[in-house]
Amino acid sequence: MGHWTITREGDGLATLTLDRADAGTNTLSAEVLRELGEALDLLERDPPRGLIVRSGKANGFVAGADIDEFGRLDSEADAIALVKRGWDAFERLAAVRYPTLALIRGFCLGGGLELALACRYRVAVDEPGTRLGLPEVMLGIVPGWGGIKRLPRLAGAPAALDMMLTGKTIDAKRAKRMGVVDEAVPPRIMENTARGVLKALPAPRKLPFTLALTLNPLVRRVIAAQARKQVARRARRQHYPAPYAILDLFAKHDGDALAPPPSDPASIATLLRTPTAGNLVRVFRLQERLKSLGKEGAFQPNHVHVIGAGTMGGDIAAWCALRGLTVTLQDQDAARLAPAMGRAAKLFKDRLRDERRVRDALDRLAPDVAGDGVARADVIVEAIFENVEAKRALFAAVERRAKPSAILATNTSSIPLEEIAGALADPTRLCGIHFFNPVARMMLVEVVVGARTRPEIAAAAAAFVRSIDKLPLPVKSAPGFLVNRILAPYMAAAFRAVDEGIAPETVDEAALAFGMPMGPIELADTVGLDIAVAVGRMLGGGGDPPRRLLELANAGHVGKKSGRGFYTWTSGKPAKQAPGAVPPGLADRLVAPFVAEAQAALAEGIVGDADLVDAGAIFGTGFAPFRGGPLHYAAARDGKAADPAPRAVV
Amino acid sequence: MTHPGNRVRHGIPEFVMAMQEPIYVVDGARTPFLKARNRPGPFSASDLATAAGRALLLRQPFAPAELDEVILGCAAPSADEVNIARVAALRMGCGHKVPAWTVMRNCASGMQAIDAGIANIRAGKSGLVLAGGVDALSRAPLLFSDAMTLWLANWYAARTLGQRAALVAKFRPSYLAPVIGLMKGLTDPMVGLLMGQTAENLAYRFGITRGEMDAYAARSHARVLAAQKSGRLDREVVPLYDRAGKLYAADDGVREDSTPENLAKLRPFFDRKYGNVTAGNSSQVTDGGAWVVLASQRAVDEHKLAPRGRIVDAQWAGLDPAQMGLGPVHAATPILQRQGLGLNDLDCWELNEAFAAQVIACLRAWDDDEYCRTELGLPGKMGGLDEGKLNVDGGAIALGHPVGASGTRIVLHVLEVLERSGGRRGMAAICIGGGLGGAMLVERT
């Protein structure tokens with residue numbers, strides 16, 4: 001046994017520690033699961049009074065199955081074997097005669113949580129790093145190692161399904177409230193608690209009557225049917241089969257993923273027949289790759305100074321404070337800072353909840369009319385209005401006051417970096433750090449590398465982006481960078497379709513049917529038609545600008561923010577009619593320009609390679625994730641990539 | 001009556017000789033003073049202290065963690081932040097290693113904090129000190145009455161249904177009437193007088209009329225308005241933002257309509273019906289915080305600071321609690337004596353306006369032969385103080401008196417006035433509930 005260690009204590013308790021010999025993070029590879037069987041054999045021979053299962057890694061409990069093994073699945077038989085070995089291992093663990101307890105500290109995800117669920121008791125360490133969840137659905141697969149079976153027994157069906165269908169994780173306190181763990185305790189008493197529980201052997205918590213009822217076979221079907229309707233609002237079964245499979249497995253098979261026959265829509269075979277799982281694993285890999293781009297160099301920013309407290313600047317500042325940085329936010333007068341401070345307080349309250357943490361985040365965000373923060377900051381982000389002279393003057397002044405080591409960055413989306421850099425004594429210091437609206441929701445941040453930007457500045461900017469938990473994408477300084485550039489022709493195609501008389505609802509439906517998270521017309525209304533016009537102008541593209549778009553924008557009907565655009569907006573929601581029948585070829589008319597522009601951007605070297613184009617499209621524009629990105633989609637469609645598996649992505 | 005003059009009559013006392021190390025005031029800032037509007041205000045005391053201190057520290061060339069200590073005066077810290085200085089220091093980002101402590105000398109707590117900083121700098125214990133004062137009087141608690149407390153104690157001790165039933169029978173609705181914590185704080189425990197009643201004492205003693213009080217109060221409002229309009233308060237006031245994104249940019253107790261005519265309509269508040277002191281000619285109940293950065297010569301050199309001024313001398317004095325409003329006279333006079341200065345040798349005076357009657361009484365006392373001889377041990381009267389130099393930007397009657405903060409505010413504001421007017425020296429003096437006075441002589445660098 002190289003991965004597991006059994007330690008026996010004088011009091012009759014034993015500890016089974018997982019510390020993967022060959023990796024920094026605990027994951028459940030075939031070998032790890034095989035060794036778990038060996039460990040259980042050994043324990044069987046001389047059963048302990050109780051067994052604590054824990055991690056030997058400081059970074060967490062268990063991150064889940066070994067994703068590398070997904071990439072090597074060559075056949076249906078392989079996939080079924082993978083499901084079976086985890087299912088069997090945890091069924092066996094759940095059946096041992098001695099009491100078992102999982103001591104959970106740090107992440108406990110997917111197969112990791114299924115391992116913990118197979119123990120009789122669970123103790124979670126109550127600290128910020130502890131997160132429990134079954135995020136399999138995000139990879140297009142199902143919690144097939146007992147998660148669908150055991151989680152509802154502890155938390156009741158509604159809460160368990162919510163976790164499994166959304167992939168959301170929960171913290172220790174929430175897990176305790178939901179019944180997922182028996183105790184949530186601070187680290188200082190975690191050992192005592194684990195031992196105390198195993199000695200006292202409390203009766204397992206019983207579900208309250210109404211929740212117990214949700215496990216009744218008939219009620220299961222009713223609940224699953226309701227949940228299916230909710231899922232249908234967010235994802236279509238032909239695009240994302242996994243959440244539907246989870247509901248079927250819960251309703252009909254008590255979580256046994258091996259039970260449905262291959263022809264069943266909830267079977268492993270069906271899940272593998274669509275490229276969704278492979279592509280979602282690819283998306284996961286792309287995300288890991290972007291994260292790794294922020295790891296180069298030793299730059300560790302503490303203080304960010306943001307200039308311009310408009311929507312973008314204010315929200316960038318709030319986000320940085322939320323993520324633990326000290327932030328100063330500058331604008332011309334105090335009144336301009338006030339709305340940004342209000343939005344920040346709301347963000348902190350929504351995300352942090354705990355009053356002390358909200359207070360601390362607010363304390364980290366200092367309004368700074370005088371710009372005193374410039375001299376203290378490690379990163380200075382300019383987010384003022386798009387005027388090249390104003391930006392040049394600003395950076396010239398900022399450069400004089402900033403620390404020599406500080407990164408100077410502009411959030412501009414339309415002004416060439418080089419024009420601004422010219423105002424600096426050292427133009428090599430300037431880079432672009434281009435956030436997307438809404439800042440709190442958009443994962444991607446483009447790190448714009450100008451012709452003269454020093455490589456270490458770009459690397460440090462990427463490290464900064466990573467330090468605030470966003471995904472950095474290095475892009476060359478060229479109009480529209482990557483994201484706006486590839487989005488624009490797609491949007492233009494949508495506007496043209498409307499100009500031809502196709503209803504906006506129908507245009508949006510075509511995109512939704514393709515798998516976009518939001519239709520292009522609704523997206524334009526959300527972003528603002530004024531901005532759509534400005535981006536369209538900047539990127540040129542030739543030909544007449546879309547007529548209806550211009551009419552609306554000129555009339556001041558700029559979308560969600562003015563209450564009217566292509567749609568009429570009431571309390572943040574567009575009033576949409578039922579879409580008409582989508583004309584044949586409409587989806588392709590929208591997507592083809594997207595793909596073509598992505599190919600052009602790749603050819604021009606806007607980003608390093610095809611995978612980064614796809615990453616930018618998925619995380620920046622929301623391009624249908626289950627299709628794996630525009631270039632990947634095009635290659636698969638044209639039959640160039642026979643293998644949609646994630647091996648291609650490293 | 002106390003005689004603080006005793007110790008100075010025979011020349012410069014020993015402790016003054018030790019006061020040779022210069023004490024620099026590097027910079028200072030305060031929050032807007034926000035009038036309490038009969039409900040908890042938008043900011044807690046530590047919110048106020050944090051907001052002002054954070055902005056002040058941001059513009060210094062040293063990092064917050066380089067402070068040697070943080071001292072904060074607070075007359076009424078809330079139960080959850082009793083050592084509010086430590087809460088504020090941590091919230092401002094001073095880090096775990098900077099010690100912080102809270103001081104209390106009622107209305108002069110913010111001046112006491114500065115004095116404590118001076119003492120530690122002089123003793124060589126500190127070089128760089130953040131000292132200030134704060135109070136959120138709008139959040140002063142409502143307390144259970146003694147009767148209610150006793151009833152609750154019995155309730156929790158009751159074990160049987162019978163005992164509880166008996167207690168329920170004994171309960172009286174009057175038990176529920178809360179004790180207003182603030183009124184307790186504003187009542188002298190020795191002589192049982194409300195602070196406003198001590199001001200009535202002074203009005204009686206010096207024959208100060210209601211009209212004089214109201215005229216003084218109106219002038220305070222007019223001066224604050226003028227100062228606000230011309231931007232004279234902009235440097236010292238740090239704007240606040242609440243969680244709804246509302247901006248609090250300026251002191252909000254000052255009123256355009258506080259004219260002598262309008263003030264004359266108000267009813268006496270403390271000696272009801274036949275008194276003269278009203279809410280309009282008293283300082284306002286207010287929330288606010290203020291800080292100054294104090295530094296030794298060595299700290300100035302080390303951090304290349306550009307100090308705005310020095311604190312040259314400081315004095316505390318005691319007097320009859322029933323006459324507490326004359327505290328400034330008893331504290332400032334020994335400083336003038338030591339420094340060989342007359343009242344009008346100074347370029348400005350910030351004499352905290354607890355009550356219009358009390359400020360006027362101070363002026364009368366200095367200009368009164370008998371008072372100066374018998375109470376101060378002087379050969380004769382000090383004379384009249386030029387009112388053109390007194391509280392030139394108004395005072396607590398219009399700005400409000402967030403008890404702990406006022407002592408720091410007036411020291412800081414003396415510097416502001418000196419810088420603006422090109423003057424050299426000014427005095428900050430304050431009366432203190434319980435029968436004390438405090439004063440500091442400030443010099444511009």
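Residues are numbered from 1 along each chain as its sequence is written, while chains are lettered from A and ligands numbered from 1 in the order in which they are written. Because the model is predicted, local features need pLDDT of at least 70 and side-chain atom pairs count only at pLDDT 80 or more, whereas totals for chains, interfaces and linings use all residues.

**View 1. Chain A as a whole.**
Chain A holds 27 helices and 19 strands. Helices (H or I, at least four residues) and strands (E, at least two) are DSSP runs, numbered from the N terminus. Along the principal axes, the C-alpha atoms of chain A fill a box of roughly 80 × 60 × 45 Å. A compact globule of 650 residues would have a radius of gyration near 26 Å, and the 27 Å of chain A agrees with this. The radius of gyration is taken over C-alpha atoms, and the globule rule is 2.2 Å times the number of residues to the power 0.38. Of the 650 residues of chain A, 53% are buried. A residue is buried if 20 or more other C-beta atoms lie within 10 Å of its own, exposed if 12 or fewer, and partly exposed in between, with C-beta atoms placed from the backbone.

**View 2. Domains 2 and 3 of chain A.**
Chain A is assigned domain 1 (4-274), domain 2 (293-479) and domain 3 (484-605). These bounds come from an automatic or database domain assignment. Taken over C-alpha atoms, the centres of domain 2 and domain 3 of chain A are 29 Å apart. Six residues of domain 2 of chain A are in contact with seven residues of domain 3 of chain A. On the domain 2 side, the touching residues are two nonpolar, three polar and one charged. Two residues are in contact if their C-beta atoms, placed from the backbone, lie within 7 Å. Ala, Val, Leu, Ile, Met, Phe, Trp, Tyr, Cys and Pro count as nonpolar, Asp, Glu, Lys and Arg as charged, and the others, Gly among them, as polar.

**View 3. Helix α20 of chain A.**
Helix α20 of chain A covers residues 483-499, and at 1.5 Å a residue its 17 residues should span 24 Å. The end C-alpha atoms of this helix are 24 Å apart, which agrees. The expected span is 1.5 Å times one less than the number of residues in the helix. Of the 17 residues of α20(A), 16 are buried, and the helix is mostly covered. Just after α20(A), A:G501 takes a positive phi of about 105°.

Strand β1 (residues 4-8) and strand β2 (residues 13-18) of chain A pair in the antiparallel sense over five bridges. Two strands pair if DSSP finds at least two bridges between them. A:R8 has A:A14 in β2(A) as its bridge partner. β1(A) and β2(A) form a hairpin with four residues between them, and A:G12 in the turn has a positive phi of about 95°. β2(A) also runs parallel to strand β3 (residues 50-55) of chain A, joined to it by six bridges. Here A:A14 stands opposite A:L51 in β3(A). Five of the six residues of β2(A) are buried, so this strand is largely enclosed by the rest of the structure.

**View 4. Where chain A meets chain B.**
In this view, 18 residues of chain A are in contact with 15 residues of chain B. β11 (326-330), α15 (334-352) and β12 (365-367) of chain A each supply at least two residues of the chain A side. The largest share, nine residues, comes from α15(A). By class, the chain A side has 10 nonpolar, four polar and four charged residues.

**View 5. B:Y24 in its chain.**
Chain B has 16 helices and 14 strands, and buried residues make up 54% of its 445 residues. B:Y24 is placed in strand β1 (residues 23-30) of chain B. B:Y24 counts as buried because it has 23 C-beta neighbours inside 10 Å. Not counting residues up to four places away in sequence, B:Y24 touches B:L294, B:A295, B:V300, B:P307 and B:R310. B:Y24 and B:P189 are 165 residues apart in sequence and, C-alpha to C-alpha, 37 Å apart in space.
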